[in-house]
Amino acid sequence: MATLETIRVTTRRGIEGDAFVGGSGPDLVFFHGAGGVTADDPLVKELAESFTVHAPVWPGFGPDDTETSIEDMLDFTLHGWDLVDAFALQDLPIVVGHSMGAMIAAEMASVARNDLAKLVLLTPAGMWIDAEPTPDLFAMLPFEMAEVLFHDPVLGEKLMTGGADFTDNDALTTFMVANARRMGTAGKILFPIPNRRLSKRIHRIGVPTLVVGGASDGLVPPVYIDLWRDSVAGSSTHMIEAAGHMLHLEQPAATATAILNFLSP
């Protein structure tokens, strides 16, 4: 399987951060969600078998990241485009986003509707249904999140923690600090609810779009995937069985297959 290397990226605004890059083929940019991303992310590695993958780390998600200038949805959207520019890609990129990253990718496609080749949104945040409100992750303890985010909560807890032994106080402290940093950054656009009026702009998306959901997703349930399909003209959807919100970790091969089938000429 392809190996991704870590590079440092500096945007035109002067914001530095890590990105994981590897593979071969057409350029694909992967925007992670609130859970972060690593060079060993199974979906990213699967995609790197067919694409040259660029997976940047959002400000606030790096291990020693103290960047605080990204404060709202517009900042995230423009920073996303600044990252694409920093990669100096030869062609219009394919953009794949997960959850919060999908929300940002959809905003990017809404404000610059002709600057992407294709768009893939994995369990995307950003839409809101009054009759089907999404759970408040920010009110949950880490062990409670697994019930909402995964089809298999036992496996999910292991995937979330990297197998850390929480009877070890140092391991528990390290996880809690990193998780608090990630959630604090994500909260800038997801708290108290993930509704930044994307629905007012989503009609502007003008590229072929695939929306992928997890059949057991407790955070962005299937009714939201239907809403995305109905809101993005010409979009298609695909449901991954035996997968929750973190489908890229639970079912990376099935998720990659869905993406590859959509992106195939």
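Reader: How many cavities of 30 Å³ or more does a search of the whole structure find?

Author: One. Keep in mind that this is a predicted model.

Reader: How much space lies in the largest cavity?

Author: About 50 Å³.

Reader: Which residues line the largest cavity?

Author: The lining consists of Val9, Thr11, Ile15, Glu16, Gly17, Asp18, Ala19, Pro56, Val57, His79 and Leu83. Sorted by class, six are nonpolar, three polar and two charged.

Reader: Which element gives the most to that lining?

Author: Strand β2 does, with four residues. Both β2 (16-23) and α2 supply at least two residues each.

Reader: Now the helices. At what angle do α2 and α3 pack?

Author: Helix α2 covers residues 73-86 and helix α3 covers residues 100-111. They pack at about 80°, and their axes lie 9 Å apart. An angle from 65 to 115 degrees counts as roughly perpendicular, so α2 is roughly perpendicular to α3.

Reader: Which residues make the contact?

Author: From α2 come Met73, Phe76, Thr77, Gly80, Trp81 and Val84. From α3 come Met103, Ile104, Glu107, Met108 and Val111. The contact residues divide into eight nonpolar, two polar and one charged.

Reader: How is a pair of aromatic rings described?

Author: By two values: the distance of the centres and the angle of the planes. This structure holds two aromatic pairs. One of them joins Phe31 and Trp58.

Reader: Why is the pair of Phe31 and Trp58 classed as it is?

Author: The ring centres are 5.0 Å apart and the planes meet at 25°. Planes under 30 degrees apart count as stacked, so this pair is stacked.

Reader: Where do Phe31 and Trp58 lie?

Author: Phe31 is in strand β3 (residues 27-31). Trp58 is in the loop between β4 (52-56) and α2. The pair therefore ties together parts that are 27 residues apart in sequence.

Conventions
Residues numbered from 1 in each chain as written. Predicted model: local features only at pLDDT ≥ 70, side-chain atom pairs only at ≥ 80, totals over all residues. Heavy atoms only, no water. Axes fitted to C-alpha atoms, helices over the stretch in contact; angles between N-to-C directions. Parallel < 35°, antiparallel > 145°, perpendicular 65-115°, else oblique. Contact = heavy atoms within 4.5 Å. Nonpolar A, V, L, I, M, F, W, Y, C, P; charged D, E, K, R; others polar. 1 Å grid on protein atoms, 1.4 Å probe; cavity = no way out; pocket = protein on both sides within 12 Å on 5 of 7 lines; lining within 4 Å. Points joined across faces, edges and corners; volume = space filled by probe spheres on them. Phe/Tyr/Trp six-rings, centres within 6.5 Å; stacked < 30°, edge-to-face > 60°.
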